[in-house]
Amino acid sequence: MPRRSPFVSRACAAAVIALSLAAVGCGASQSKVPRPPGAVEGPIKPLDVRDEDFAARLQGILRDGSRTPERLGMLVGVVRRQLAHAQRRFELGKAERATDSALGALYLVRVNEGRSEMIDATGEKALDGAIKQLSLRGDEGRVHALMQMRAAALPAKSPARVELEEHMGNLARWLGDTHAGGRGARLGAEERYFVARAMVDPSEETLTKAASSIEAWVAQAIEVNRAFHKTGKRPDRAEGMEAARALETGAATLAALFIRHGDAQGAFARIEGSEVRLVAEPGLRASLHEAAEGNNARAWEMLAAAFAHEGGPSEGDEEREPLDPMLVEAGLWGSVLEAYRQDPTSFGTAAVLSEALVRFGMSEGAPAVLAGALGQQPNPRAVGAATRIVFGAMLADADIGDVDAVRRTFRAAGPILAAADRPEIAKGLNPSAARLRLLMASIEVRAGNLAAARPLYEASARAEPSVSAWTQVARVARQAGDREGALASIGKALAAPDVRASLPDVAEAHLLAFELHRDAGAADKAKASLADALTACLTARQQKADAATQAHTETLLGRVLDAYGEAKAARRANDRALTAAASDRPVLGPTVLQVVSRALVRRDLDGARVALKQGLEADLDPEDRIYGGLWLLLLERELRASPDGTAERALQGFGDRDAWVSKLSAWAGGKLTDEGLAAAAQNTSQRVEAQFYTAMARRAAGDPAAVERLRAVSTSPVIDLVEVQLARDLVAPPMQVQLPPNTQIP
């Protein structure tokens with residue numbers, strides 16, 4: 001709550017004082033208030049919306065706001081599918097994103113559009129998850145509304161419905177007990193409850209109750225303010241603060257309530273027909289009037305700007321009460337959606353709507369909305385904005401592990417990628433189409449889908465050739481069993497435009513070539529590639545670089561020296577890497593993990609302990625310390641070494657017990673079996689990790705079959721995992737290679 005006088009802000013006080021006593025006491029106007037559009041009567045045919053159709057169907061719902069049985073059938077299908085997406089995110093353990101996704105489904109439904117057919121069995125589960133999450137937030141209004149929806153979808157006397165209705169009764173009684181205090185406080189609590197409920201309950205009855213609660217709340221605040229200026233007696237602090245909130249945000253709250261449903265006429269009529277008009281800002285009233293009367297894109301855009309303004313303090317009045325973010329979001333959503341329906345070719349409107357779709361877990365709808373606004377001759381600035389939004393949308397779902405959602409968004413972005421590929425647009429575009437393809441390729445790799453990743457990597461490398469881009473193409477080809485293709489891509493990497501400026505990447509390319517030749521038994525070619533990798537590392541060390549590049553170069557040199565069998569020199573290189581990373585905390589974690597992983601391969605117990613201790617002293621990120629602790633623990637077991645406590649300290653519990661690293665920590669501590677760890681894995685990457693760690697445990701126990709298990713991990717399609725590289729190194733065929741003559745090793 002902003003600091004202020006215990007009563008009202010100067011702006012609101014001045015506005016109310018200026019009113020005549022007659023105006024204040026006149027009560028609500030008797031002007032006719034337009035009713036919301038009526039519900040579609042009779043049966044409808046729900047459309048079966050598939051994932052591959054979802055983006056197009058969603059855009060259709062956004063574009064068309066008509067009230068026809070056909071559109072309502074499509075709306076039912078879209079809501080069902082979006083609730084299924086929300087449930088998938090609950091299954092992934094991402095409750096926040098899942099709840100936003102469930103709310104997104106409900107925000108597609110406007111007053112009098114609600115149908116019981118929208119909630120199928122999967123939707124019921126999604127609503128249950130949202131109810132639990134919103135309950136944790138103390139959001140009684142939306143919890144109660146979702147409970148009612150959930151109950152309405154159940155048979156009348158089913159045990160589940162009876163239980164849910166009992167919960168609703170308990171909640172209603174609890175609300176009655178908590179909505180206590182002075183009259184203003186009680187009215188304020190009711191206003192918050194009914195308004196929150198109306199955000200997701202599309203019934204006309206709930207909308208009317210919410211509007212009436214706002215009007216009563218504001219009327220009480222005006223009365224308190226008038227009494228104060230008449231008698232000079234201040235109300236108690238709670239009543240004063242509630243009155244201030246009503247006077248400063250009541251009009252915007254009432255407007256947001258109706259604009260959430262695209263009803264500017266209803267908002268304007270309720271404000272003008274009640275005492276709320278006395279505290280409404282002129283700009284908001286003007287915007288509402290224009291949208292109600294003109295119903296054109298410009299009017300709705302102005303209204304959206306008014307809600308954006310309500311989201312923070314106004315210039316010159318930092319103590320102004322900001323509107324509840326939920327209401328700002330609702331007002332923006334409703335007004336921008338109407339602006340889009342009036343003019344879907346306005347890129348500014350499409351961009352704001354697309355960003356809202358991403359927030360509501362409907363990222364795949366953003367590209368279709370954006371593409372429609374680019375036109376036949378898109379300008380580079382608009383295309384750049386579109387690629388930024390799509391890039392962020394893909395990241396939002398990649399961060400929660402919803403790979404299918406990322407794929408849907410990427411597929412829908414085809415027209416945007418085509419525009420971004422145009423020569424007159426591509427130059428200087430950030431992010432470029434190549435970066436979008438690179439992001440999708442990396443996500444496919446994490447999902448173990450090399451077949452889909454490879455052409456994306458190749459397209460990205462062709463568009464923006466670099467040593468690292470073509471080396472990644474080579475890695476994919478190698479893992480796909482295409483040795484010749486991998487070597488050809490390494491050739492392209494070493495001919496890339498940045499070859500002179502990217503010596504660490506050059507070393508990576510040569511090191512990959514060494515491994516390919518070594519595994520094929522081509523000893524002479526392997527030795528030549530390893531010598532080239534050594535030269536690139538030693539040359540790179542002489543160049544001035546930041547901490548990240550220095551640490552990376554030294555760890556690369558350590559890998560090269562490992563291949564030469566120079567264990568002591570490799571240890572020195574890794575020590576230098578740790579020294580370089582010590583001054584840059586974000587660099588330290590990856591460097592510690594790289595050093596500990598190499599120590600595992602080299603069977604260097606002391607080196608692993610020293611590196612991990614340095615990370616622990618620097619308060620290594622929990623995930624990094626757990627992986628480092630796992631590798632050290634496995635090394636201790638394999639060497640039959642007595643633990644010194646470092647691994648145990650690193651493996652101490654992680655805050656989120658459902659997180660994958662918590663499962664790994666539990667397995668390391670003997671609290672989870674090999675079978676239990678495998679069962680806990682939820683995606684391809686986690687399954688590969690589980691295979692690696694259980695294989696390493698068997699190897700430490702002397703099981704000869706562990707080698708084949710590690711070999712299976714080494715050929716896994718998830719090539720970016722450290723565990724895959726470790727497995728490959730551990731099962732690699734031995735090769736004796738001598739340092740080139742006269743080589744000076746630091």
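**Helix packing and burial in the predicted model**

Helices H7 and H9 are oblique to each other. This arrangement belongs to a predicted model. The angle between H7 (residues 140–152) and H9 (residues 183–200) is about 45°. An angle of 65 to 115 degrees would count as roughly perpendicular, and one under 35 degrees as roughly parallel. The value for H7 and H9 therefore falls in the oblique class. Their axes lie 7 Å apart. The crossing of H7 past H9 is right-handed. On the H7 side, the contact is made by Glu 140, Gly 141, Arg 142, His 144, Ala 145, Leu 146, Gln 148 and Met 149. H9 contributes Tyr 193, Ala 196, Arg 197 and Val 200. By class, the contact of H7 with H9 has 6 nonpolar, 3 polar and 3 charged residues.

Ala 152 also belongs to helix H7. Its relative accessible area is 47%. Buried residues lie under 20% and exposed ones over 50%. Ala 152 is therefore partly exposed. Between Ala 152 and Met 394 there are 242 residues of sequence separation and a C-alpha to C-alpha distance of 35 Å.

Helix H11 (residues 237–259) packs with helix H12 (residues 264–272) at an angle of about 150°. The axes of H11 and H12 are 7 Å apart. Angles over 145 degrees count as roughly antiparallel. H11 and H12 are therefore roughly antiparallel to each other. They cross in a right-handed sense. From H11, the contact draws on Ala 251, Leu 254, Ala 255, Phe 258 and Ile 259. From H12, it draws on Ala 264, Gly 266, Ala 267, Arg 270 and Ile 271. The contact of H11 with H12 comprises 8 nonpolar residues, 1 polar and 1 charged.

Helix H38 (residues 722–731) is mostly covered, with 8 of its 10 residues buried. The buried residues are Glu 723, Val 724, Leu 726, Ala 727, Arg 728, Asp 729, Leu 730 and Val 731. They pack against helices H24 (467–479), H26 (503–519), H30 (585–602), H32 (622–638), H36 (684–700) and H37 (706–714).

Gln 87 lies in helix H4 (residues 69–91). Its relative accessibility is 11%, so Gln 87 counts as buried. Leaving aside residues up to four places away in sequence, Gln 87 touches Thr 122, Lys 125 and Ala 126.

At the level of the chain, the model has 38 helices and 0 strands. Of its 746 residues, 54% count as buried. Along the principal axes, the C-alpha atoms fill a box of roughly 100 × 60 × 55 Å. Contacts between residues at least 6 apart in sequence were also classed by separation. Of these, 70% join residues at least 24 apart.

The mean pLDDT is 89, and 90% of residues reach 70 or more. Over residues 1–33 the pLDDT is below 50. Beyond near neighbours in sequence, this stretch has 60 contacts in the model. Where pLDDT is low, the predicted coordinates should not be read in detail.

Conventions. Residues numbered from 1 in each chain as written. Predicted model: local features only at pLDDT ≥ 70, side-chain atom pairs only at ≥ 80, totals over all residues. Heavy atoms only, no water. Axes fitted to C-alpha atoms, helices over the stretch in contact; angles between N-to-C directions. Helix = DSSP H or I, 4+ residues; strand = E, 2+ residues; numbered from the N terminus. Left-handed = near helix turned anticlockwise from the far one by under 90°. Contact = heavy atoms within 4.5 Å. Nonpolar A, V, L, I, M, F, W, Y, C, P; charged D, E, K, R; others polar. Buried < 20%, exposed > 50% of the residue type's maximum accessible area, 1.4 Å probe, protein only. pLDDT = per-residue confidence, 0-100.
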